[in-house]
Amino acid sequence: MSPNVNLSELSAADKDRLVQSGIDLTMTNRCGSYLQMDQDIVHSECTSEGIEVLPYKKAFEKYSWMKEYEWKVVAEDKDEITKYVAAQKDPKGYVIIAHKGSSNIVPIQACLYLGREQIQHVHNIIIAEEGAELHIISGCTSGTHVGKGGAHYGVSEFYVKKNAKISFTMIHNWSENIEVFPRSASVVEENGVFLSNYVCMQPVKMVQMYPTATLKGDNSVARFSSIVIATAESHMDLGSRAILEGKGASAELITRAITKGGTIISRGHINGKTAGTRGHLECKGLILQDGRIYAIPEIEGSVVGTELSHEAAVGKLAKDEIEYLMSRGLDEDEATATIIRGFLDVKINGLPDALQHQIDASIDVAERSGF
Amino acid sequence: MLHIEDLHVNVGDKEVLHDINLHIGEGETHVLLGPNGSGKTTLLMTIMGFSSYTITEGMILFKGEDVTRMRAHERAERGIGILFQRPPTISGLKLGKLLTAISRKKNEDIPALAASVHMDRFMDRDINKGFSGGEIKRSEVLQLMIQNPDFIMLDEPESGVDLENISLMGTAIGSLLEKEKRMSKRQKSGLVITHTGYILDYIETDRGHVMCDGMIRCHGNPREILKDIKQRGYKECLECRQT
């Protein structure tokens, strides 16, 4: 396919899967789009002033300085996933640049669709220049016809400059036979804000990721939020890490995990290296059916004046809460779903309403099917 | 409205309510008095249908229908409601969302009802999380206003509530029980547990019962019973056999 196929020309089945991953095909609530199906870049555009959405190679042709951002926060030789991506002669993925002072409250959408290929690989670079504000929703999904299984290798490097802000909301909607290996890292400068949100309500064979934010600048902020459900055959090994280097830097790592028979390993690490830094890690897990939730929160402080905390809890639905709602007329299923919905309800500070609604909507879909 | 006959209730292996008989007619509000641990809350929870309370003998009729084996939501659908003394905190569940779930297809004006009990600013708060005693009770009354049951059980509606809020609670509960209507026109019934009796200054009650050791020991005029207990305590009630 050639670039910039009209999004409305996609097949009905493909469209459905994309919409479920948070992709707005009408573009009403989006200011830009990048769509990659297997290794074909189908669509890449942005209408917001000062913000560019470019295919990887094109960005490097256009700007010689792109080299300064390639493999700088994610190490090329980190593991076999990064090595595989680095070895590609024809690298794919997107580059999003929010130039100095630009802003988009209406998000850009990036969609990675796995159709026929065995392995889809992408390398993304996202840059918010000084004072810029950039909001991205990334929907990742696979075709209903991927029978033989497949894998997605995604490297993402984020650069949040002075006084800039990036929010990155990733909604996964894979299927039981897909393995996903995101490798991402960010560096945040003075007063910069990086928000990373991950939602996965649908089955997936395996997800493994451990994104890291290095808060280099003074008063920089990172917030990671993960909301996940592991169905019977799903194996999710999720983590997030914040390294607090700048004076007054702060981080918050929040996870809500539900297992319906699958495995969730919820890792987290905050490293306070400078005085005046703060970090909090919170993981709440709910076991609805026998499976496994393994929370491994780590906090590490090495100087006087860093304040770090964590709380982790794994449990079941409380009978008294269910019956409380039943005494108000809700039947047991409704009461259970209402409580689970509440458990998953994480309001993300600093996230535009459109994106919060998108997160809520993908949880609502799961609620309608009774979780 | 509510008719209880020879009711025995177990919690676990232990019988905690023995041979309870109680009849509450349409439009009547009764008060249930008794010392701590006498089984008052257990009786309310049993009438509501909570699963930890097992009925081993006897039956509960509601509007002539046997509800003894029904689950809590089936009883709620038939018009039984309860104001909890200590409702659970539910993390993440917003009061506003719960009210919407309770109201379903009914056309209640939730914001107006919330404002009437000063709970309009609590719609986005996790239910009962960090609520003061008075806020918990106002949230409970608000839920009942939307649920609109025909028979309302009130478990210590004044506990933890300051004086100003007692009057607000009294007015709201009075309106739930249609106290503004003439007695013959009233269709709502109630059963109130009170320790202090303060709430009886705001809600007229028709009949009183005293519970001790899981048994109802006596019945009578609520004000007289309360006066008696204030003067002599529950000591004599414990010595008294069921009438």
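Predicted model: local features only at pLDDT ≥ 70, side-chain atom pairs only at ≥ 80, totals over all residues.

Trainee: Where does Asp38(A) lie?

Mentor: Residues are numbered from 1 along each chain as its sequence is written, while chains are lettered from A and ligands numbered from 1 in the order in which they are written. Helices (H or I, at least four residues) and strands (E, at least two) are DSSP runs, numbered from the N terminus. Asp38(A) is found in the loop between strand 1 (32-37) and strand 2 (40-46) of chain A.

Trainee: What is the phi of Asp38(A)?

Mentor: Most residues other than glycine have a negative phi. Asp38(A) is not a glycine, yet its phi is positive, at about 50°.

Trainee: Is Asp38(A) buried, exposed or partly exposed?

Mentor: A residue is buried if 20 or more other C-beta atoms, placed from the backbone, lie within 10 Å of its own, exposed if 12 or fewer do, and partly exposed in between. Because Asp38(A) has 19 C-beta neighbours inside 10 Å, its class is partly exposed.

Trainee: In chain B, what phi does Asp213(B) have?

Mentor: Asp213(B) sits in the loop between strand 11 (207-212) and strand 12 (215-220) of chain B. Its 15 C-beta neighbours inside 10 Å are why Asp213(B) counts as partly exposed. This residue, other than glycine, has a positive phi near 50°.

Trainee: Which residue stands opposite Val193(A) in strand 14 of chain A?

Mentor: Two strands pair if DSSP finds at least two bridges between them. Strand 11 of chain A pairs in the parallel sense over eight bridges with strand 9 (residues 165-173) of chain A, where Met170(A) has Tyr198(A) as its bridge partner. Eight bridges, also in the parallel sense, link strand 11 to strand 14 (residues 221-230) of chain A. In strand 14, the residue opposite Val193(A) is Val221(A).

Trainee: What is the radius of gyration of chain A?

Mentor: Chain A holds six helices and 21 strands, and 51% of its 371 residues count as buried. The radius of gyration is taken over C-alpha atoms, and the globule rule is 2.2 Å times the number of residues to the power 0.38. For 371 residues a compact globule would be near 21 Å, so there is agreement with the chain A value of 20 Å.

Trainee: And what is the radius of gyration of chain B?

Mentor: Chain B has eight helices and twelve strands, and buried residues make up 43% of its 243 residues. Its C-alpha trace spans about 50 × 40 × 40 Å along the principal axes. A compact globule of 243 residues would be near 18 Å, so chain B agrees, with 18 Å.

Trainee: Which residue is the bridge partner of Leu7(B)?

Mentor: An open sheet of four strands in chain B has the order 2-1-4-5, with antiparallel pairing. Its edge strands, each pairing on one side only, are strand 2 (14-24) and strand 5 (65-66) of chain B. Strand 1 (residues 2-11) of chain B runs antiparallel to strand 2, joined by seven bridges. In strand 2 of chain B, Leu7(B) has as its bridge partner Ile20(B).

Trainee: How many residues on the side of chain B that touches chain A are nonpolar?

Mentor: With contact defined as C-beta atoms, placed from the backbone, within 7 Å, 19 residues of chain B are in contact with 16 residues of chain A. Helix 2 (72-78), strand 7 (90-94), helix 3 (95-103) and helix 5 (133-147) of chain B each give two or more residues to this side. Ala, Val, Leu, Ile, Met, Phe, Trp, Tyr, Cys and Pro count as nonpolar, Asp, Glu, Lys and Arg as charged, and the others, Gly among them, as polar. The side of chain B that touches chain A has six polar and two charged residues, and its nonpolar residues number eleven.

Terms used
Contact = placed C-beta atoms within 7 Å.
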